Amino acid sequence: DCRQDFQSWLTTWSVPKKFWCCAKEGKGCETYNCDSGNPADWLLSQKFWCCKSATKGCEALPFDCDAGYTNWNSAWSPDKKAWCCDNADKGCAQDDHNCNSGLAVAWGLQKQMF
């Protein structure tokens with residue numbers, strides 16, 4: 001629930017909750033300077049944030065998990081399904097979550113609950 005403790009999100013929310021609420025509802029987003037440094041060297045969270053908010057750094061992500069999402073099951077490669085499931089919580093089959101891959105900070109709510 002991204003409304004709960006929103007007034008104090010910076011200090012009370014867990015890192016996964018911040019990431020999920022930022023990605024899904026645009027709340028609790030830590031801001032990044034999207035004009036600084038090489039996107040290939042950014043943290044995954046910065047790549048996602050800058051890609052979504054400033055359309056920068058998107059090329060540094062190995063896959064665009066929004067592209068073709070409406071038909072992901074038949075259109076995406078197995079590699080794209082695995083990466084997007086682990087890192088963007090998209091393209092996941094019911095039991096597809098691998099808890100040993102991807103950055104925990106980037107796990108979606110479905111994967112966290114799995």
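A nonpolar core is here a set of buried Ala, Val, Leu, Ile, Met, Phe, Trp, Tyr and Cys residues joined through side-chain atoms within 4.5 Å, where buried denotes under 20% relative accessible area, with a 1.4 Å probe and protein chains only. The structure is a predicted model, in which local features need pLDDT of at least 70, side-chain atom pairs count only at pLDDT 80 or more, and totals for chains, interfaces and linings use all residues. Residues are numbered from 1 along each chain as its sequence is written, and side-chain values use heavy atoms, with hydrogens and water left out.

The protein chain contains six helices and zero strands, helices being DSSP runs of H or I with at least four residues, and strands runs of E with at least two, numbered from the N terminus. Of its 114 residues, 36% are buried. The accessible surface (Shrake-Rupley method, 1.4 Å probe) amounts to about 7,000 Å², and carbon and sulfur atoms account for 51% of this area. Among contacts (heavy atoms within 4.5 Å) with a separation of 6 or more, 19% join residues 24 or more positions apart.

The largest nonpolar core comprises ten residues, namely Phe 19, Leu 44, Phe 48, Leu 61, Cys 65, Trp 72, Trp 76, Trp 83, Cys 84 and Ala 88. Two or more of these residues come from each of helix 3 (44–54) and helix 5 (78–88), and helix 5 gives the most, with three. Apart from this core lies another, of five residues, including Cys 34, Trp 42, Trp 49 and Cys 50.

Within the largest core, Trp 76 is in contact, neighbours within four places in sequence being left aside, with Cys 65, Ala 67, Gly 68, Tyr 69, Asn 71, Lys 81, Cys 84, Lys 90 and Gly 91.

Notes. Buried < 20%, exposed > 50% of the residue type's maximum accessible area, 1.4 Å probe, protein only.
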